[in-house]
Amino acid sequence: MDSRFRRARHPGVTRLPALLPLVLYHGRGGWTAATELAELFAVPAGLEGALAPWLPSFAYLLQTVAELPQEQLAGTGMARLALAVFQHGKGRELPDVLRELLSEFEAVVQQHKGLIRLEALITYVYRVSETVSAEELAEILAPIGEEVGALAMSVYQQAHDK
């Protein structure tokens, strides 16, 4: 990007904002990968010292979503829905959790491009859940509106046509 364009849009800014690298782990079993980025690079033997100044090296914050109590799932709207689905996506309790979060679904739908965001979440549910059918998800989401139930069925159909 042209530096003149950056200066015009952000006058007086000379430094980047702080970035916090975060990994949300929601797999089965414990986290086994390194938590320092530099440990993940395959550096040829003998070149470690020579390449070190140019390889990104930082620790990242690791949060195991399965260990978070339900009341500590942060945020609202899409953030809360995503964390809940990460946490319960593979469990039998997912339908009940989705019913409890119906107001969060409604909030997302009312926001700009809410259905697009829900489409990604619904796709994830179908990919990881072994307990939620398209019909059940459409029934859970039906109180929000006909278009949301139709979206659940459409996403399911698209996922299974591939």
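This short talk covers a salt-bridge network, a helix pair and a surface patch in a predicted model.

Ground rules, quickly. Local features need pLDDT of at least 70 and side-chain atom pairs count only at pLDDT 80 or more, while totals for chains, interfaces and linings use all residues. Residues are numbered from 1 along each chain as its sequence is written, and side-chain values use heavy atoms, with hydrogens and water left out.

Salt bridges first. How many does the structure hold? Three. The criterion is a side-chain nitrogen of Lys or Arg within 4 Å of a carboxyl oxygen of Asp or Glu.

Start with D96 and R99. Their closest N and O atoms are 3.8 Å apart. Both sit in helix α4, residues 94-100. They are three residues apart, about one turn of the helix. Helices here are DSSP runs of H or I, at least four residues, and strands are runs of E, at least two, numbered from the N terminus.

Next, R99 with E136. Here the closest N and O atoms are 3.9 Å apart. This pair links distant parts of the chain: R99 is in helix α4, E136 in helix α7, 37 residues apart.

Then E139 with R99. The closest N and O atoms are 3.0 Å apart. Again distant parts of the chain are linked, with E139 in helix α7 and R99 in helix α4, 40 residues apart. Shared partners join D96, R99, E136 and E139 into one network.

Are these residues buried or exposed? Buried means under 20% relative accessible area, exposed over 50%, and partly exposed in between, with a 1.4 Å probe and protein chains only. D96 is at 47%, so it is partly exposed. R99, at 35%, is partly exposed. E136 is partly exposed at 24%, and E139 is partly exposed at 44%.

Now stay with α7. Helix α7, residues 134-141, packs with helix α8, residues 146-161. The angle is about 160°, and the axes are 8 Å apart. That makes α7 roughly antiparallel to α8, a label for angles over 145 degrees. Axes are lines fitted to C-alpha atoms over the stretch in contact, and angles run from 0 to 180 degrees between N-to-C directions.

Last, the surface. L20, L22, L24 and L61 form a nonpolar patch with about 380 Å² of accessible area together. Areas come from Shrake-Rupley with a 1.4 Å probe. Patch residues have over 30% relative accessible area and no salt bridge, and nonpolar side chains are joined within 5 Å. L24 is in strand β1, residues 22-25. At 34% relative accessibility, L24 counts as partly exposed.

Conventions. Patch = residues over 30% accessible without salt bridge, like charges linked within 9 Å, V, L, I, M, F, W, Y side chains within 5 Å. Parallel < 35°, antiparallel > 145°, perpendicular 65-115°, else oblique.
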